[in-house]
Amino acid sequence: MKSIMKERKASSIMAALVCIALGVVLIMWPDLSVHWLCMALGGVLVFSGAVYLISHFTKKNKLSMLQLDLVLGIILAILGAWLLFNPDSVVTFIQFVFGALIIIHGLLDMQSSFSLISAHDSRWWTAFVLALVTIAMGAVIILNPFATFSTLVMLIGGVLIFDGLSDLFIVFWVSHVFKKLEREITAAETIETTGSVTDAASAEKGEPVSAVDVIEETSAEIIEEQSADDDTEKTNGDGGQA
């Protein structure tokens, strides 16, 4: 689990920082040329897709639940290349592109909340609520209830910043929870290991003997020795009377 979390953490932090940086740019320059905006977005998406793909193919343990990294990386790379080479032809689809990306990030955050549930963390609902808010914001972007393009761009920037910050919070919290869980498991294994001993006969065979068995065996030996002493005293007493 430790190696899996490390593999996920790096790619998630990188994607979150990219979202925050792009969000700041969109808020500061909402009237930026749509042509350059699409090209900038395309470059960011290609970079993010490459990060997810590299993260996937460098994993030692490719569990089925982590295949989402591969799918997301391919989708981001394709969308990015499309925006880079056809920036003017996708202006009318820009809210759909951003909205879809935000919803996908929300689904990833929801997956993280399920991981917290499996770890029995009492604050799993925080990540779940953040994921729901992210998905809802993505839906608002797709619906685009605003009259001007600049307002839509500023909304997208704000949502990207929120998405990036929430991703950072979730990834660090999930990492903290699983590190704590790992320490508890290690401590339990240590206690179980130190609670076992090996007697002389079992040492040669390499068979572990629990502490309870040793105590019971020792008690039996003590009782046996006491019985032998009582028999000896009784025998001596009978001999003296004779």
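**Exercise 1.** In which helix does Ser-113 lie? State its burial and its contacts beyond the local sequence.

Solution. Ser-113 lies in helix H4; helices are DSSP runs of H or I with at least four residues, strands are E runs of at least two, and both are numbered from the N terminus. Next, burial. Ser-113 has a relative accessible area of 0%, so it is buried (under 20%, with a 1.4 Å probe and protein chains only). Last, contacts, meaning heavy atoms within 4.5 Å. With neighbours within four places in sequence set aside, Ser-113 touches Trp-124, Ala-127 and Phe-128.

The model is predicted: local features need pLDDT of at least 70, side-chain atom pairs count only at pLDDT 80 or more, and totals for chains, interfaces and linings use all residues. Residues are numbered from 1 along each chain as its sequence is written, and side-chain values use heavy atoms, without hydrogens and water.

**Exercise 2.** Describe the lining of the largest cavity.

Solution. Start with the lining: 15 residues, with Cys-19, Leu-45, Leu-101, His-105 and Leu-160 nearest the centre. A cavity is a set of points on a 1 Å grid over the protein atoms alone where a 1.4 Å probe fits but cannot get out; lining residues have an atom within 4 Å of a point. Then assign elements. H1 (2-28), H2 (34-57) and H4 (94-118) each give two or more residues. H2 gives the most, five.

**Exercise 3.** What is the order of helices and strands along the chain?

Solution. Count: eight helices and two strands. Then read along the sequence: α-α-α-α-α-α-β-α-β-α.

Key
On a 1 Å grid over the protein atoms alone, a cavity is a set of points where a 1.4 Å probe fits but cannot get out, and a pocket is an open set with protein on both sides within 12 Å along at least five of seven lines; lining residues have an atom within 4 Å of a point. Buried means under 20% relative accessible area, exposed over 50%, partly exposed in between (1.4 Å probe, protein chains only).
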